[in-house]
Amino acid sequence: MALDPVELTAALVRCPSVTPLEAGALELLEKTLSEAGFSCVRVDRNGTPNLFARWGDKAAPRTLGFNGHTDVVPVGDEAAWTVDPFGGEIKEGKLWGRGATDMKSGVAAFVAAACDYTTRNRPDETAIIISITGDEEGDATDGTIALLDYMEEAGEKMSVCLVGEPTCPNTMGEMIKIGRRGSITGYFTAHGTQGHVAYPHQTLNPVPALAKLMSELSEHCLDQGTEHFDPSNLEVTTFDVGNAATNVVPATAQATVNIRFNDAHSGASLSNWMRAKAKAMSEKTGVAIDVSFQISGESFLTPPGRFVDLVAEAVAKSTGVTPELSTTGGTSDARFIKNHCPVVEFGLVGKTMHKVDEHVEVAHITALKDVYSSLIGDYFA
């Protein structure tokens, strides 16, 4: 019998796998995949649960990969929910609970599609790899990265990979992600001289210097966008002085910016630009400004071609919607996989992810399995 992705999604939602807890989610998937002929290996690292599963020969010339995560964000104020966040309840044609949209339904859909295929077919120079992490919503340092490290050590290789994250803004089938913008956070600390506001000649106020720097950074036009990407944007996200006294010039001030950048830039080029701007402001004002950076991911693009076409055709065939090829949105684990093989993302409508009363249309889960089943059949045809 075909594996029901709705039942599997509900079972996964009932596992309270808030990052980094496994809570039985990977155990359930390992059992399901093993029964369908997959060889499974737990690739846990530093307390992060991960699962690697393979069907077919390691030397197969065509290996289709699927990637996803079973960890979820906290429920927040549970009293604000109208359903049990981990009940996996189905009502009004919807499946409710934390992770229903992001992204236990996606995992259930591609696992169900893959298991249906493997129980009805022989490998015959084809293979499927499924990699699932419990650390996508967290720091992501020991999740998909650990899985890719394991694959390199074990000589495992995906030819292409599909990540089942929610990708559709409003309508099922409307959008495929063929790339993502990069993300860099800059941390700035301005050092002045504390003192009484009535004696400014004895102080050096770091606030105006840092405020001017933040203004210059945020007003700068990074670019007008590129062929496949929207314009890069810089946002000032924090400005902190921590000074409760109104008659004291503070010794330090801190600010943070985040840039989502396209393929006109790199993390290194933006780091150099912000560092130069900070140095220039220091020289202009006499206020020393330290800066450090965290690059969460570089921008990347999987150019339109055979794999992208196959995904788009599978989406159109199953949903009746011709999808837009997009690079919008935040980051995902595709930013790690792109160093291993071409990667594309397609999943459900993501309007309720991370929200109170998160839910997904039951019909969409079934349609998503159909998309993945079509992709598997077409890729191996």
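The model is predicted: local features need pLDDT of at least 70 and side-chain atom pairs count only at pLDDT 80 or more, while totals for chains, interfaces and linings use all residues. Residues are numbered from 1 along each chain as its sequence is written, and side-chain values use heavy atoms, with hydrogens and water left out.

**View 1. A four-stranded open sheet, in the order S12-S14-S10-S15.** The pairing in this sheet is antiparallel; strands pair if DSSP finds at least two bridges between them, and strands (E, at least two residues) and helices (H or I, at least four) are DSSP runs numbered from the N terminus. At the edges sit strand S12 (233–240) and strand S15 (288–297), each pairing on one side only. From one strand to the next, the twist averages 20 degrees. Look for S12 beside strand S14 (residues 252–261): seven antiparallel bridges join them.

View 2. Axes here are lines fitted to C-alpha atoms, for helices over the stretch in contact (heavy atoms within 4.5 Å), and angles run from 0 to 180 degrees between N-to-C directions.

**View 3. Arg 45 and Asp 142 meet in a salt bridge.** Side chains of opposite charge can pair when their charged atoms come close. A salt bridge is a side-chain nitrogen of Lys or Arg within 4 Å of a carboxyl oxygen of Asp or Glu, and the whole structure has 10 of them. Here the closest N and O atoms are 2.8 Å apart. Arg 45 is in the loop between strand S1 (39–42) and strand S2 (50–56), and Asp 142 is in the loop between strand S6 (126–133) and helix H4 (144–154), 97 residues apart. Asp 142 is buried, with a relative accessible area of 12%, while Arg 45 is partly exposed at 26%; buried means under 20% relative accessible area, exposed over 50%, and partly exposed in between (1.4 Å probe, protein chains only).

**View 4. Arg 180 and Glu 345 form another salt bridge.** Their closest N and O atoms are 2.8 Å apart. Arg 180 belongs to strand S9 (residues 179–180) and Glu 345 to strand S18 (residues 343–345), so to speak a link between parts 165 residues apart. Both residues, Arg 180 and Glu 345, are buried.

**View 5. Trp 55, Tyr 117, Phe 307, Tyr 379 and Phe 380 form one aromatic cluster.** Rings of Phe, Tyr and Trp (its six-membered ring) pair if their centres lie within 6.5 Å; planes under 30 degrees apart count as stacked, over 60 as edge-to-face and the rest as tilted. This rule gives a count of eight aromatic pairs. Trp 55 and Tyr 117 pair edge-to-face, 5.9 Å centre to centre with 85 degrees between the planes. Trp 55 is in strand S2 and Tyr 117 in helix H3 (residues 100–118), 62 residues apart. Trp 55 and Tyr 117 are both buried.
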